[in-house]
Amino acid sequence: MAENTGNNQEMQDLNEILRVRRQKLVELQKNGKDPFKIVKYDVTANTEQIIESFEQMEGQFVSLAGRLMSKRGMGKASFCDIQDRYGKIQLYVRIDSVGEEEYEQFKKFDIGDIVGVKGEVFRTHKGEISVKVSEITLLAKSLQPLPEKWHGLKDPDLRYRQRYVDLIVNPDVRKTFITRSKIIKSIRKYLDDRGFLEVDTPLLNTIPGGAAARPFVTHHNTLDIDMYLRIAPELYLKRLIVGGLERVYEMGRMFRNEGMSVKHNPEFTMMEVYQAYTDYKGMMELAEGIISTAAQEVLGTTKIVYQGQEIDLTPPWNRMTMVEAVKKYTGVDFELISSDEEARRVAKEKNLSVEGNLTKGEILNLMFEEFVEEHLVQPTIIYDYPVEVSPLTKRKPDKPDMTERFEIFITSREMGNAYSELNDPIDQRERFIQQVKKREAGDEEANMMDEDFITALEYGMPPTGGLGIGIDRLVMLLTDSYSIRDVLLFPTMKPRD
């Protein structure tokens, strides 16, 4: 009962705050001072510039704008804090500096209001860098109180739903997304400097290809056909390699109609890179370079801490074949297994559920996922994957049941996937046929037949290396974020009733 009484009182207090703020706006509008009619405000400095370059800027007249975050003292002089994208700075507002009428208006400002400020940069007697205000203008009225007093800030669900509030009151969240932007900029520069072209390929596909994933389906009314949100850009990017562009990459949104977890969101960002005349070993070096350079440029080091554990991203990384990794962590040597039946028997001995007629290669991959991935904390490249789980990858010349494919694992999570790309159109058609059979048997993640892609390969694609890196997971790693929702500005959320 007491808890309900407290909640009721809280709601009454909140409703009163909302009423008072709206009344203040009405008064401003009646007096011809509607802040929402102001269309621009000239800004000459930001908080970071003033604080970091104080010695050069002391005594200068500046104009800055931002959100009012606190107010202290309401006599003839007041202190308050203003926050912009770069940080906070203290304002010193005196009645004899701004004038009596403007000071009275300032006293009515609320925490959360957007203001424009003009004044002189100085340091207070206590040593705090501040701006002595000569003019302060209300630019937008905040009708909702910031959640310092209310329950919303501590509610993770509300933080994700109302990211705009999260960004206002949580500097670490702002820092995460600024860091994300810097990581993406670093990756683009790394590739641009090496002659790669950034390209755009369709988000709406008639055939969802390039990955084993369940797509989102939509319908195009004019053409009267079903279409799919892309699950990967791979097959389009390879068409560009056929066309002679030789080095291409794309960074953008992918959509997979699958489960949600701390590692998965239905909509996510991925980058894929393709380079003619190289193989998966070339992609290993490229991947190490992209990730280690991003860490060095953005964080200033390749030795980072993720969830309390130190991770060393300095190349070269540890490398093992999938067969070697499974042998190391299970004691089972798949080099000595000669048949699918024997592989299924070994899997059952390891208490793995083996349904249907799984092949030796599929069981090798299953054992890797079940028993090995959790051990791959430091950056590790696992290479040479079974052909059954690699439908777009070139076979190893000396081991045709294996492919030239690798995946990157850091903190026990897959960070990237790469191949020596399959460029044999006859082999590719057979692989697609096998995928179609799986799809007909009920596997919604199996590839569809893509006749146009096979036609493209028939024109001739040079030996090519391809690499995909999950940008969100990389940002999680470099910002020490536990959940993918912490690095997506607007993660997918179930609508509230």
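**Chatting about a predicted model**

Colleague: Hi! Which helix holds Y164?
Modeller: Y164 sits in helix α7, residues 163-169. This is a predicted model, where local features need pLDDT of at least 70 and side-chain atom pairs 80 or more, while totals for chains, interfaces and linings use all residues. Residues are numbered from 1 along each chain as its sequence is written, and side-chain values use heavy atoms, leaving out hydrogens and water.

Colleague: Thanks! Is Y164 buried, exposed or partly exposed?
Modeller: Y164 counts as partly exposed because its relative accessible area is 48% (buried is under 20%, exposed over 50%, partly exposed in between, with a 1.4 Å probe and protein chains only).

Colleague: And which residues make the nonpolar patch with Y164?
Modeller: Y164, L489 and F490 make a nonpolar surface patch of about 340 Å² (nonpolar side chains joined within 5 Å, each residue with over 30% relative accessible area and no salt bridge).

Colleague: How many salt bridges does the structure hold?
Modeller: There are 35 salt bridges in the structure. One of them joins the side chains of R21 and D110, at 4.0 Å from N to O. That pair links distant parts of the chain, with R21 in helix α1 (2-30), D110 in the loop between α5 (100-107) and β4 (114-123), and 89 residues from one to the other.

Colleague: Why does R21 count as buried?
Modeller: R21 counts as buried because its relative accessible area is 7%. D110 is buried too, because its value is 12%.

Colleague: OK, where do E341 and R344 lie?
Modeller: Both are in helix α12 (residues 340-349), three residues and about one turn apart. The side chains of E341 and R344 form a salt bridge of 3.7 Å, N to O. E341 has 52% relative accessibility, so it counts as exposed, whereas R344, at 16%, counts as buried. Elsewhere, salt bridges with shared partners tie R21, K24, D110, D113 and K141 into one network.

Colleague: New topic! Where is F409?
Modeller: F409 is in strand β17, residues 399-410. F409 is buried because its relative accessible area is 0%.

Colleague: So which residues does F409 touch?
Modeller: Leaving aside residues up to four places away in sequence, F409 touches F368, E373, L376, Q378, P379, T380, I382, Y385 and E414 (a contact means heavy atoms within 4.5 Å). F409 and E373 are 36 residues apart in sequence, yet 7.6 Å apart in space, C-alpha to C-alpha.

Colleague: And T393, buried or exposed?
Modeller: T393 has 0% relative accessibility, so it counts as buried. T393 lies in the loop between β15 (380-386) and β16 (395-396). Not counting residues up to four places away in sequence, its contacts are T403, E404, R405, Y419, S420, L422 and R431.

Colleague: Last one: how many helices and strands does the whole protein have?
Modeller: The protein has 16 helices and 19 strands (DSSP runs: helices H or I, at least four residues; strands E, at least two). Its C-alpha trace spans about 90 × 60 × 55 Å along the principal axes. Of the 497 residues, 49% are buried. Among contacts with a separation of 6 or more, 64% come from residues 24 or more positions apart.

Definitions and conventions
Patch = residues over 30% accessible without salt bridge, like charges linked within 9 Å, V, L, I, M, F, W, Y side chains within 5 Å. Areas by Shrake-Rupley, 256 points an atom, 1.4 Å probe, with all protein chains shown as cover.
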